[in-house]
Amino acid sequence: MELDKKNLSRGAKFIVGVWKPSYVVNFFSEDLRHIPASEFKSEEGDLSKISFVFFADNTLSVRFPDGSRQNGEWKQTDLYEYEWTFPALKGENPILQNFCKISVFEGDLTFPVSFLTVALSKTE
């Protein structure tokens, strides 16, 4: 599908802002239940503390609890699909290529990480 100016404008209006992980779905589970992002923890903190900030100039910044950031770019590829790129994640790895695809599902942004899908909810 070719996106016209109207669709690109709507897509930008939808995605620009601050998004935070709200839940994760494990595709190996029997019921595909939504697991709160706060239950996924690492040494740096839980997943819900990360924020994804999308800007109107097609850049984005991922902000981590320790204050570090990873900057990248985003673009709309279809009516309900986007892609993001990060210089640190360039490569031919199929897992990374899938990670870069973002879809809209029930008003949230979703992206795969191996056998998990992470859902982001807009907070600002």
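Tutor: Buried means under 20% relative accessible area, exposed over 50%, partly exposed in between (1.4 Å probe, protein chains only). This is a predicted model: local features need pLDDT of at least 70, side-chain atom pairs count only at pLDDT 80 or more, and totals for chains, interfaces and linings use all residues. Residues are numbered from 1 along each chain as its sequence is written, and side-chain values use heavy atoms, without hydrogens and water.

Student: Is Thr-117 buried or exposed?

Tutor: Thr-117 lies in strand β11. Helices (H or I, at least four residues) and strands (E, at least two) are DSSP runs, numbered from the N terminus. Five of the seven residues of β11 are buried, so the strand is largely enclosed by the rest of the structure. With a relative accessible area of 18%, Thr-117 is buried.

Student: Which strand do seven bridges join to β11?

Tutor: Two strands pair if DSSP finds at least two bridges between them. β10 runs antiparallel to β11, with five bridges. In β11, Lys-122 is the bridge partner of Trp-19. The strand joined to β11 by seven bridges, also antiparallel, is β1.

Student: Within what arc do the buried residues of α1 fall?

Tutor: Helix α1 spans residues 5-15, and its buried residues are Asn-7, Gly-11 and Ile-15. They line one face of the helix because, seen down its axis, they fall within an arc (taken from the directions from the helix axis to the C-beta atoms) of 60°.

Student: Which exposed residues does the face of α1 turned away from its buried side carry?

Tutor: The buried residues of α1 pack against several strands, including β1 and β11, with contact meaning heavy atoms within 4.5 Å. The face turned away carries Lys-5, Lys-6, Arg-10 and Lys-13.
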